[in-house]
Amino acid sequence: MIENVVIIGGGPAGLAASIYNARAGLNPLVIAGSPPGGQLILTTEVENYPGFESIMGPELILKMRKHAEKFGVRFIDENVVKVDFSKKPFAVGTIHKLSLQSKSVIIATGAKALWLNLPSETRLRGKGVSACATCDGFFFKEKTVAVIGGGDTAMEEALTLTKFAKKVYIIHRRAEFRASKIMQDRVLNNPKIEVIFNSEVEEIVGGKKVEGIKIKILDPRSQILEKNNEIKHLSSDIYHLTLDGVFIAIGHKPDTDIFKNHIKLDKKGYILVKDYMTSVPGVFAAGDCVDHKYRQAATAVGMGVAAALEVERFLEKL
Ligand SMILES: Cc1cc2nc3c(=O)[nH]c(=O)nc-3n(C[C@H](O)[C@H](O)[C@H](O)COP(=O)(O)OP(=O)(O)OC[C@H]3O[C@@H](n4cnc5c(N)ncnc54)[C@H](O)[C@@H]3O)c2cc1C
């Protein structure tokens with residue numbers, strides 16, 4: 001059987017695309033990944049998805065999946081392990097279904113936030129530890145937070161957080177930022193932001209929620225002043241910083257490794273598209289695997305819808 005459209009990825013972008021393609025009579029097949037659901041599965045409360053004042057991330061994605069199933073979308077909850085876009089129909093393979101064939105493909109494999117991989121960070125995720133200031137900054141009104149990182153993402157996260165928090169620390173391992181000069185200037189001139197260079201997070205402290213972080217000073221010449229009871233010297237090079245939230249901003253990695261020899265990617269691995277079409281006509285892409293800038297459920301949905309409409313136009317022309 002040759003499919004009309006195979007959608008790779010079962011997050012917001014892939015599910016939105018599947019609903020549109022199903023209602024257009026294309027009988028789409030979603031290879032949703034393992035585990036399916038995408039980043040919303042890792043999210044606690046979502047307060048910025050239109051139509052839902054407050055909903056837990058896993059519940060929101062489950063509703064999207066049920067919506068798609070209601071219109072007859074078929075699902076395989078496996079990972080795609082290989083593709084061949086060099087001939088038509090395109091070939092897409094999972095471990096158990098080696099050669100699915102399709103006239104068109106939408107890639108919606110998303111991205112993963114990079115974490116520090118501390119046990120305390122995993123335990124406190126959604127309890128004050130986040131990787132998205134746009135998503136979660138609102139929960140930290142008049143609180144004290146820290147951003148971990150030194151690139152443009154960290155600068156953006158810190159500046160976003162200044163709209164909510166009363167104080168934003170940036171903890172960075174090196175003596176200077178990697179971020180662009182313009183972003184650095186904005187950060188360094190913001191009175192709400194204080195930077196602690198040459199330091200790394202040893203542990204995120206807290207029981208039911210974040211209470212602070214332990215940081216290690218990497219360069220003995222660095223000095224940290226103890227003030228307002230917010231910073232306490234624990235031992236020779238270890239300090240405790242009292243906080244309500246920690247935003248990890250050390251980067252994102254798009255899930256696009258399996259496509260790298262088949263379509264054009266940028267140097268960070270994001271898929272390059274024009275009108276949601278990749279460098280191979282008939283192969284489209286949407287959501288966080290394309291978008292390193294906005295990274296929201298609602299924007300991923302919008303891109304998924306646009307890619308689905310482009311698929312319909314493409315198939316009509318065939
Ligand atoms: C901690 C956190 C909090 C967030 N909070 C919010 C919020 O409050 N509001 C908001 O709007 N956004 C929030 N976001 C961002 C939002 O979750 C993402 O922007 C959105 O999920 C992106 O959707 P997507 O479909 O592009 O990708 P993803 O959600 O990443 O989904 C990708 C899908 O592709 C699958 N996949 C990957 N590789 C393969 C493969 N080889 N084969 C098959 N399938 C594959 C995955 O399993 C997954 O199902 C948050 C993100 C994080 C990490």
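The domain bounds come from an automatic or database domain assignment. This is a predicted model: local features need pLDDT of at least 70, side-chain atom pairs count only at pLDDT 80 or more, and totals for chains, interfaces and linings use all residues. Residues are numbered from 1 along each chain as its sequence is written.

Helices (H or I, at least four residues) and strands (E, at least two) are DSSP runs, numbered from the N terminus.

**The two domains.** The centres of domain 1 and domain 2, taken over C-alpha atoms, are separated by 34 Å. Their contact takes 6 residues from domain 1 and 7 residues from domain 2. Contact is set by C-beta atoms, placed from the backbone, that lie within 7 Å. The side of domain 1 that touches domain 2 has 2 nonpolar, 3 polar and 1 charged residues.

**A parallel sheet.** Which order do the strands of the open sheet of 5 strands take? The order is S10-S18-S11-S12-S13, with parallel pairing. Strand S10 (129-130) and strand S13 (193-196) stand at the edges, each with a single partner strand, so one side of each is left without a neighbour in the sheet. Two strands pair if DSSP finds at least two bridges between them. S12 (residues 167-171) runs parallel to S13, joined by 4 bridges. In that pair, isoleucine 171 stands opposite isoleucine 196 of S13. Helix H5 (residues 152-161) packs on the sheet and touches strand S11 (144-148), S12, S13 and strand S18 (245-248). The direction of H5 makes about 170° with that of S11. Axes are lines fitted to C-alpha atoms, for helices over the stretch in contact, and angles run from 0 to 180 degrees between N-to-C directions.

S11 and S12 pair in the parallel sense over 5 bridges. Valine 145 has valine 168 in S12 as its bridge partner. Of the 5 residues of S12, 4 are buried, so S12 is largely enclosed by the rest of the structure. Buried means 20 or more other C-beta atoms within 10 Å of the residue's own, exposed means 12 or fewer, and partly exposed is in between; C-beta atoms are placed from the backbone.

**Backbone exceptions.** Most residues other than glycine have a negative phi, and most peptide bonds are trans.

| Cis peptide bond | Omega | Loop holding the proline |
|---|---|---|
| serine 34 to proline 35 | near -5° | between strand S2 (29-31) and strand S3 (45-46) |
| lysine 88 to proline 89 | about -5° | between strand S6 (80-84) and strand S7 (90-94) |

Asparagine 27 has a positive phi of about 50° although it is not a glycine. Asparagine 27 sits in the loop between H1 and S2. With 14 C-beta neighbours inside 10 Å, asparagine 27 counts as partly exposed. Asparagine 198 has a positive phi of about 50° and is not a glycine. Asparagine 198 is in the loop between S13 and strand S14 (199-206). Asparagine 198 has 19 C-beta neighbours inside 10 Å, so it counts as partly exposed.

How values were computed:
Two residues are in contact if their C-beta atoms, placed from the backbone, lie within 7 Å. Ala, Val, Leu, Ile, Met, Phe, Trp, Tyr, Cys and Pro count as nonpolar, Asp, Glu, Lys and Arg as charged, and the others, Gly among them, as polar.
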